[in-house]
Amino acid sequence: MLFWFIALALSLLVAVPLAVAMWRGRGATGTMSDDAATVDTPAPRPELALYRDQLAGVERDLERGVLSADEAERLRTEVSRRLLDADRNDDEDATAPRRAPRGATLVMMALALVLVCVGSLALYARIGAPGYGDLPLAARLDAAREARETRPDQAEAEASLGPELPRTAAPEFTDLMGKLRAALETRPDDLEGYRLLARNEAALGRYRAAWPAQARVIALMGDTSSAEDYAELADLQVSAAGGYVSPEAEEALSAALQRDRQNGPARYYAGLLHAQTGRPDLAYRFWLPLLREGPRDAPWIDPILSQIETVAIRAGETFEMPAIPERIPGGVAQPGPTAEDVAAAAELDEGDRNAMIEGMVEGLAARLADEGGPVEDWARLIRALGVLGQTERASAIRTEAREVFVGDADAQALLDDAAAAGGAN
């Protein structure tokens with residue numbers, strides 16, 4: 001209630017001087033009878049009577065012979081001009097605004113008080129935040145810190161989402177995945193097997209199974225784990241939590257950024273973490289450079305574009321869309337089979353392993369045919385087809401890709417290197 005009393009007092013400080021000014025400004029000419037509510041007739045102006053007496057005096061002097069006819073005519077003209085000027089000024093004063101009626105003035109004063117006091121309070125009640133406490137910067141930083149420290153962990157976030165809904169896969173691929181999972185239960189130290197498991201569980205939309213497999217990959221690699229390995233772990237954990245950056249994902253992001261401060265996925269998710277925990281200013285600092293660096297087809301660009309304006313407003317920043325490079329050499333490729341995926345598939349026999357890898361390759365080929373993609377994806381497909389022995393098809397796809405990236409010397413060189421590595425020259 002204290003706030004409302006203070007707000008009302010401030011409103012009165014504005015409204016009362018306004019009302020007083022209206023009362024004093026009722027008018028300065030003429031008088032108003034408060035009882036009769038009629039305008040009094042103003043007193044005649046003395047100069048009019050004076051000029052009339054002068055005209056009469058001219059006539060008397062002419063009769064007595066004091067003035068000649070020419071002199072009398074000249075005086076009549078001059079006095080008559082002055083009389084007309086005085087009479088004209090009197091008419092203008094008669095039409096000037098008179099003091100406003102007392103009742104109308106009181107009504108307008110009351111309306112002013114109501115509009116300023118009641119209107120301002122009603123407007124604040126609608127667009128303001130009545131009852132909301134003060135939020136100094138220190139308090140907001142403390143609240144953000146507390147929100148970050150007390151937010152749900154990975155398990156709580158996943159549990160709140162209910163069961164996962166994996167993507168539909170061909171029966172053969174599903175059977176092969178079952179064999180891979182079973183094989184890894186007896187081979188807990190199979191690095192390449194867990195790497196393949198993490199990638200394919202993610203491809204099936206089973207992120208809650210994919211991120212533990214990626215965590216196992218990192219555990220097996222130890223100190224040799226790269227920023228990309230940790231960024232991939234964070235990405236899978238965020239996907240499993242429905243876009244939420246958990247404390248476990250934050251740890252993975254910190255490890256990725258310690259190894260590579262320029263890692264794009266880690267920087268994006270670090271900004272998302274700050275946006276989710278009340279620090280839009282830090283999120284903005286992470287995301288704006290990512291937009292400036294590009295490339296336009298990087299997977300984090302569109303998510304940033306969908307959020308950065310809101311983040312900028314919350315951070316008190318003025319956002320101006322930077323020029324986003326279309327592509328940079330060595331840009332980020334979309335998921336697809338790597339050389340390691342092609343080279344190993346845990347304990348599966350050769351036929352099953354090839355079948356699994358061929359399924360991955362066909363998925364990448366279908367996506368590139370339907371949607372296109374960066375040159376790195378085309379190079380990966382060419383290399384994988386060459387390793388599988390489909391050199392003629394790899395050569396044909398290289399020819400198609402060269403037409404897609406015609407005029408881009410870096411892209412052409414990357415495609416040629418991939419063809420050479422896969423034996424598709």
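How many helices and how many strands does the protein have?

1. The protein has 19 helices and zero strands, where helices (H or I, at least four residues) and strands (E, at least two) are DSSP runs numbered from the N terminus. This is a predicted model, in which local features need pLDDT of at least 70 and side-chain atom pairs count only at pLDDT 80 or more, while totals for chains, interfaces and linings use all residues. Residues are numbered from 1 along each chain as its sequence is written, and side-chain values use heavy atoms, with hydrogens and water left out.

2. Of the 425 residues in the protein, 34% are buried, a word that stands for under 20% relative accessible area, with exposed over 50% and partly exposed in between (1.4 Å probe, protein chains only). Among the contacts with a separation of 6 or more, 66% join residues 24 or more positions apart, a contact being heavy atoms within 4.5 Å.

3. The largest nonpolar core has 42 residues, and those with the most contacts inside it are Tyr 268, Trp 287, Ile 304 and Ile 308; such a core is a set of buried Ala, Val, Leu, Ile, Met, Phe, Trp, Tyr and Cys residues joined through side-chain atoms within 4.5 Å. Two or more residues of this core come from each of helix 9 (207-221), helix 10 (227-240), helix 11 (247-259), helix 12 (264-276), helix 13 (280-293) and helix 14, and the largest share, eight residues, is that of helix 10. Apart from neighbours within four places in sequence, Ile 308 is in contact with Tyr 284, Trp 287, Leu 288, Leu 291 and Phe 319. A second, separate core of 20 residues includes Leu 381, Ala 401, Ala 411 and Leu 415.

4. Ile 301 belongs to helix 14 (residues 301-315) and is buried, its relative accessible area being 0%. When neighbours within four places in sequence are left aside, its contacts are Leu 290, Leu 291, Gly 294, Pro 295, Arg 296 and Ile 324. From Ile 301 to Leu 290 there are 11 residues in sequence and 7.6 Å in space, C-alpha to C-alpha.

5. Is Gln 237 buried or exposed? Gln 237, which lies in helix 10, is buried because its relative accessible area is 3%. Beyond its neighbours within four places in sequence, Gln 237 is in contact with Gln 154, Trp 211, Tyr 244, Glu 248, Ala 249 and Ala 252.

6. Helix 17 (residues 375-387) and helix 19 pack at an angle of about 15 degrees with their axes 8 Å apart, the axes being lines fitted to C-alpha atoms, for helices over the stretch in contact, and the angles running from 0 to 180 degrees between N-to-C directions. The two helices, helix 17 and helix 19, are therefore roughly parallel to each other, given that angles under 35 degrees count as roughly parallel, over 145 as roughly antiparallel, 65 to 115 as roughly perpendicular and the rest as oblique. The residues of the contact of helix 17 with helix 19 divide into 10 nonpolar, no polar and two charged; here Ala, Val, Leu, Ile, Met, Phe, Trp, Tyr, Cys and Pro count as nonpolar, Asp, Glu, Lys and Arg as charged, and the others, Gly among them, as polar.

7. The axes of helix 7 (residues 171-185) and helix 8 (residues 191-203) come within 10 Å and cross at roughly 140 degrees, which makes helix 7 oblique to helix 8.
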